[in-house]
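Visitor: I would like to go through this model term by term. Please set each label against its rule.

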Amino acid sequence: MTFDSQRAYRITAAKYRPFLMKELEEKYGTSFLDWTFFKVENSSYFTWLEEQSCGIIGNKSAYVSVIGCNLTLDVFTGSTPPEIEFIG
């Protein structure tokens, strides 16, 4: 999987994101367990990153999360909607 013009990313072990899982379950029930890709809005991480970059990240970026069994990948891309290419 490749992302166009990724500007920032973070990878976190799922065991360190229990509040994320709880929030998703409260919003979507357990059906979210079958999903992998999420478009993220109103994120404190995005706000922090925008402040740290002195606004370079900007509101034209897209923030997506890929949630797997063991890891969560958060990616900021340079386009909205993000362009994602799947390889192989």
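Guide: Let us start with a hairpin: strand 4 and strand 5 form one, with 3 residues between them. Strands here are DSSP runs of E with at least two residues, helices are runs of H or I with at least four, and both are numbered from the N terminus. This is a predicted model, in which local features need pLDDT of at least 70 and side-chain atom pairs count only at pLDDT 80 or more, while totals for chains, interfaces and linings use all residues. Residues are numbered from 1 along each chain as its sequence is written, and side-chain values use heavy atoms, with hydrogens and water left out.

Visitor: What makes strand 4 and strand 5 a pair?

Guide: Two strands pair if DSSP finds at least two bridges between them. Strand 4 and strand 5 are joined by 6 bridges and run antiparallel, so by the rule of at least two they pair. Within this pairing, serine 65 stands opposite aspartate 74, and valine 64 stands opposite valine 75.

Visitor: How do you know which other strands pair, and in what order do the strands lie?

Guide: The open sheet has 4 strands in the order 2-5-4-3, with antiparallel pairing. Its edge strands are strand 2 (6–13) and strand 3, each pairing on one side only. From one strand to the next the twist averages 20°; the axes behind such angles are lines fitted to C-alpha atoms, for helices over the stretch in contact, and the angles run from 0 to 180 degrees between N-to-C directions. Strand 2 is joined to strand 5 (residues 71–77) by 7 bridges. There, alanine 8 has phenylalanine 76 as its bridge partner, and tyrosine 9 stands opposite valine 75.

Visitor: Why is lysine 39 called exposed?

Guide: Lysine 39 has a relative accessibility of 60%, which is over 50%, so it counts as exposed. Lysine 39 lies in strand 3. From phenylalanine 76, lysine 39 is 37 residues away in sequence and 10 Å away in space, C-alpha to C-alpha.

Visitor: How do you know how many disulfides there are?

Guide: A disulfide is a pair of cysteine sulfur atoms within 2.5 Å, and by this rule the count is 0. Cysteine 54 is exposed because its relative accessible area is 73%, and cysteine 69 is exposed because its relative accessibility is 79%.

Visitor: What makes the phi of cysteine 54 worth a remark?

Guide: Most residues other than glycine have a negative phi. Cysteine 54, though not a glycine, has a positive phi of about 55°, and is found in the loop between helix 2 and strand 4. Asparagine 42, also not a glycine, has a positive phi of about 55°. Asparagine 42 is found in the loop between strand 3 and helix 2 and is exposed because its relative accessible area is 82%.

Visitor: What makes a space a pocket, and how much space lies in the largest pocket?

Guide: On a 1 Å grid over the protein atoms alone, a pocket is an open set of points with protein on both sides within 12 Å along at least five of seven lines, whereas in a cavity a 1.4 Å probe fits but cannot get out. Points are joined across faces, edges and corners, and the volume is the space filled by probe spheres set on them. The largest pocket holds about 550 Å³.

Visitor: How do you know which residues line the largest pocket?

Guide: A lining residue has an atom within 4 Å of a point. The lining has 22 residues, of which Leu20, Glu23, Leu24, Val40 and Glu41 lie nearest the centre. Two or more residues each come from helix 1 (18–28), strand 3 (37–39), helix 2 (44–52) and strand 4 (62–67). Helix 1 gives the largest share, 7 residues.

Visitor: Which classes make up the lining of the largest pocket?

Guide: The lining has 11 nonpolar, 4 polar and 7 charged residues. Nonpolar covers Ala, Val, Leu, Ile, Met, Phe, Trp, Tyr, Cys and Pro, charged covers Asp, Glu, Lys and Arg, and the others, Gly among them, are polar.

Methods
Buried < 20%, exposed > 50% of the residue type's maximum accessible area, 1.4 Å probe, protein only.
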